[in-house]
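Work through the exercises below with the sequence and the 3D view at hand. Each task is followed by a worked solution.

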Amino acid sequence: MTIRGLKVRFRTTGGIVSAVDGVDLSVGRGEVLGLVGESGAGKTLTALSIMRLLPKGAELSAGTILFKGEDLLRKNRAEMRQVRGKMIALVPQEAGSSLNPVLSVGGQVAEAIRAHRDFPRREAAAEACRWLRE
């Protein structure tokens with residue numbers, strides 16, 4: 001994956017606020033990259049940009065995110081849904097807080113399986129149980 005000139009901004013009542021300003025990075029197949037920096041430096045927004053999951057009010061204003069020869073910023077929602085979870089995944093900083101405490105963990109894992117694979121409910125539940133046992 002290669003990212004060039006990534007910029008993310010927010011439109012506020014006080015004007016435009018630049019949150020990520022010109023990020024460039026490359027990660028090769030089998031490589032791991034860690035982003036470090038102080039709170040508010042743009043680490044999470046950079047990761048969310050790759051996944052195309054920016055919060056409301058944020059916009060990608062410039063840059064390219066090349067993955068397997070394609071610019072992820074040119075993909076529509078359906079195309080990105082095929083990429084997320086299958087080829088690219090995001091583990092949030094506090095993964096446990098990303099789960100809904102009202103729903104079972106197995107059910108939430110099964111839901112993710114069904115979102116990315118053509119599994120009936122029972123097969124997805126069995127697959128989720130297998131993953132959790134491992």
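**Exercise 1: a surface patch**

Find the residues that make up a nonpolar patch on the surface of this predicted model.

Solution. Leu99, Val105 and Leu132 form the patch. Together these three residues have about 230 Å² of accessible area.

**Exercise 2: Leu132 in its setting**

State which helix holds leucine 132, and decide whether this residue is buried, partly exposed or exposed.

Solution. Step one: leucine 132 lies in helix H4, which covers residues 121–133. Step two: the relative accessible area of leucine 132 is 47%. Step three: buried means under 20% and exposed means over 50%, so leucine 132, at 47%, is partly exposed.

**Exercise 3: the order of elements**

Count the helices and strands, then write their order along the sequence.

Solution. Step one: the protein has 4 helices and 4 strands. Step two: read along the sequence, the pattern is β-β-α-β-β-α-α-α.

**Exercise 4: the whole chain**

Describe the extent, burial, contacts and surface of the protein.

Solution. Step one: the C-alpha trace spans about 50 × 35 × 30 Å along its principal axes. Step two: the protein has 134 residues, and 22% of them count as buried. Step three: among contacts with a separation of 6 or more, 43% come from residues 24 or more positions apart.

**Exercise 5: charges**

Notes: Residues numbered from 1 in each chain as written. Predicted model: local features only at pLDDT ≥ 70, side-chain atom pairs only at ≥ 80, totals over all residues. Heavy atoms only, no water. Patch = residues over 30% accessible without salt bridge, like charges linked within 9 Å, V, L, I, M, F, W, Y side chains within 5 Å. Areas by Shrake-Rupley, 256 points an atom, 1.4 Å probe, with all protein chains shown as cover. Salt bridge = Lys/Arg side-chain N within 4 Å of Asp/Glu carboxyl O. Helix = DSSP H or I, 4+ residues; strand = E, 2+ residues; numbered from the N terminus. Buried < 20%, exposed > 50% of the residue type's maximum accessible area, 1.4 Å probe, protein only. Contact = heavy atoms within 4.5 Å.
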